[in-house]
Amino acid sequence: MAGVSNNKTKYQSEINVTPFVDVVLVLLIIFMITAPMLDQGVEIDLPQTKEVEVLPSDAEHLVLSLQKDGKIFLDSYEVQLDELEERIKVLVTEKSRALFIKADSSVPYGVVVDIMGRVKAAGIENLGVVANPSDINADDLKAMAADAQTETAEKPKEAQ
């Protein structure tokens, strides 16, 4: 039986890519599901405006978020007010990035303007503001203004 060849001694020289393809497809599905959930910055209740442009999708911009509890975030990192200008100079001005302000709708207008002034003092010339599309009409706006006047008229009476 010396002339009989044994098939068991032959090695398979092909690579089985089926497990590799399975893993890649699972990872692709995971990324497809999680990618739309990723959002820059922190969760904010944005104000509404008539015309809204889409926030650029490139990674070369930063979002400055102002929460209603007074916390300030540069992307997802909390920043103290006294170090805001320095951080903006390093992260935005020196790297030629764009900056967008995303403030909660309940943050007072004066606070937003103060932050915008600090951003301008840091050397940012092009500043974007993030908002949601508005469905408010002229009658709704008049009613909101009347409610605001009523609230401010009642506050001094309550203090006395």
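**Exercise 1.** Determine which residue forms a salt bridge with Glu83, and classify the accessibility of both partners.

*Solution.* In this predicted model, Glu83 pairs with Arg87, and their closest N and O atoms are 3.6 Å apart. A salt bridge requires such atoms to lie within 4 Å. Glu83 has a relative accessibility of 27%, so it counts as partly exposed. Arg87, with a relative accessible area of 36%, is partly exposed.

**Exercise 2.** State how many salt bridges the whole structure contains, and describe the one formed by Arg118.

*Solution.* Arg118 meets Asp114 at 3.0 Å, N to O. Both residues belong to helix H3 and are 4 residues apart, about one turn of the helix. Arg118 is partly exposed at 25% relative accessibility, and Asp114 is partly exposed at 36%.

**Exercise 3.** Identify the elements that build the largest nonpolar core.

*Solution.* The core has 18 residues. Leu64, Leu66, Leu84, Ile88, Leu99, Ile115 and Val119 have the most contacts inside it. Strands E2, E3 and E5, together with helices H2 and H3, each supply at least two of its residues.

**Exercise 4.** Classify Met32 as buried or exposed, and locate it.

*Solution.* Met32 lies in helix H1, residues 18–34. Exposed means over 50% relative accessible area; Met32 has 55%, and therefore counts as exposed.

**Exercise 5.** Find where confidence is highest and lowest.

*Solution.* The mean pLDDT of the protein is 75. Confidence is highest in H1, at 90, and lowest in strand E1, at a mean of 60. Where pLDDT is low, the predicted coordinates should not be read in detail.

Terms used. Residues numbered from 1 in each chain as written. Predicted model: local features only at pLDDT ≥ 70, side-chain atom pairs only at ≥ 80, totals over all residues. Heavy atoms only, no water. Core = buried A, V, L, I, M, F, W, Y, C linked by side-chain atoms within 4.5 Å. Buried < 20%, exposed > 50% of the residue type's maximum accessible area, 1.4 Å probe, protein only. pLDDT = per-residue confidence, 0-100. Salt bridge = Lys/Arg side-chain N within 4 Å of Asp/Glu carboxyl O.
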